[in-house]
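Here are a few exercises to work through with the model open beside you. Try each task before reading its solution.

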Amino acid sequence: MPARPSAAAPIPTLIDTHNHFFPPAYQKAWLDWEDAHKVPHFPSQVAWTKSKAIEAMDENGIQTAVLSIASTPGVWFDLNAEQASQMARDCNGYGAEWMREKPGRFGLFATLSMIDIDRTLKEIEYALDTLKADGVGLQSNYGDRWLGDSKYMPVFDELNRRGAVVYVHPLVANCCGTLNVGTFPAVIEVPHDTTRCVTSLLLSGGLARWRGIQWLFSHAGGTIPMMAGRLDAFYGQRPNLKEFAPEGVMGELRRLNYDTANAISAPTMAALTRLVPGSHITYGTDYPYFGLGQFKALQEADLSAAELEAISGGNAKRLIPRLRSWKAGPRSRGSLRPIRVF
């Protein structure tokens, strides 16, 4: 039996790969968009500030937070291609300032507008070569075009050439926002959209074509751990299997990386760890929508000490090698905040 950590084990120094930030222009556009669409605001987003984010990191033992833009509606906001590209540029510049001001405390998954392919390719060059971002952060779909759509092939060809980390965050797709059976749309639709996205990349041959990309999917892959066997049952015996899934359907899903944000309950982690090894899971929080003190729940799950160590930061360092040279940040001095398990 693998060694299990003590329930009283201290919280290790953590790397959070799912941490959102809100540049001033982006925050205003977001809140205006929600008002126009009669979408209620998240109080934790409205109250978010840079100083509060750093304070929360210090209190919860977060060494490094890899910043990314949140989901619905990304940087679109009913903007045209030029405006959306400028919003992406402004957000990336703001995140890069945090990296320069606080070396070792912040990383960056640069956002891309994906509306205009030429502008998107230019932003990849600028973000990765000039700003030194750690990868790119994408939505699971753009206007009901999931990432396996042929429109995005030039973007992923370039990211594949660079061997980039591609972090994917889901959103409420245009198709399905009203299918909420009485609950807030994000509760059900966000995890399902990750599954739609992964499936589109699998069946389109994207996962087979872009072997150089290091994929990282939010929220334990949405419903992928539960759907993996069903996908394999329908597509695992196709004559052209090797064309879109060289390692078989299950093998392709096991090659991907997944974070733990809002996926820390015991059943969810049990399903995820039966699908992928602990070496393909990173710690994520979805801050500020959820608190940073979620690691204690993972310590109470059926994970080995080696798995916990890898999830806490080792796997993030594998995906983002420059994190290996960063020194540990402040450790938590107080008790952990209450954990909300979803």
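**Exercise 1. At what angle do H1 and helix H4 pack, and which residues meet?**

Start with the axes: H1 and helix H4 (residues 81–101) pack at about 130 degrees, and their axes are 9 Å apart. That angle makes H1 oblique to H4; angles under 35 degrees count as roughly parallel, over 145 as roughly antiparallel, 65 to 115 as roughly perpendicular, and the rest as oblique. Next, look for contacts, meaning heavy atoms within 4.5 Å. From H1, Pro 24, Ala 25, Tyr 26 and Ala 29 meet Met 87, Cys 91 and Tyr 94 of H4. Sort them by class and you get seven nonpolar, no polar and no charged residues.

Before going on, a word on the model: it's predicted, with local features needing pLDDT of at least 70 and side-chain atom pairs counting only at pLDDT 80 or more, while totals for chains, interfaces and linings use all residues. Residues are numbered from 1 along each chain as its sequence is written, and side-chain values use heavy atoms, with hydrogens and water left out.

**Exercise 2. What lines the largest pocket, and which helix gives the largest share?**

Take the volume to begin with: about 1300 Å³ of space lies in this pocket. Now the lining, which is made of 49 residues, with Thr 72, Val 172, Phe 184, Ala 186 and Val 190 nearest the centre. Lining residues have an atom within 4 Å of a point on the 1 Å grid. Go through the helices: H1 (24–36), H2 (43–46) and H7 (185–203) each supply at least two lining residues. H7 gives the largest share, seven residues. Finish with the classes: 27 nonpolar, 16 polar and six charged.

**Exercise 3. How many cavities of 30 Å³ or more turn up, and what surrounds the largest?**

A cavity is a set of grid points where a 1.4 Å probe fits but cannot get out, whereas a pocket is an open set with protein on both sides within 12 Å along at least five of seven lines. Searching the whole structure finds two cavities of 30 Å³ or more. By class, the lining of the largest cavity has nine nonpolar, six polar and no charged residues.

Notes
Points joined across faces, edges and corners; volume = space filled by probe spheres on them. Helix = DSSP H or I, 4+ residues; strand = E, 2+ residues; numbered from the N terminus. Nonpolar A, V, L, I, M, F, W, Y, C, P; charged D, E, K, R; others polar. Axes fitted to C-alpha atoms, helices over the stretch in contact; angles between N-to-C directions.
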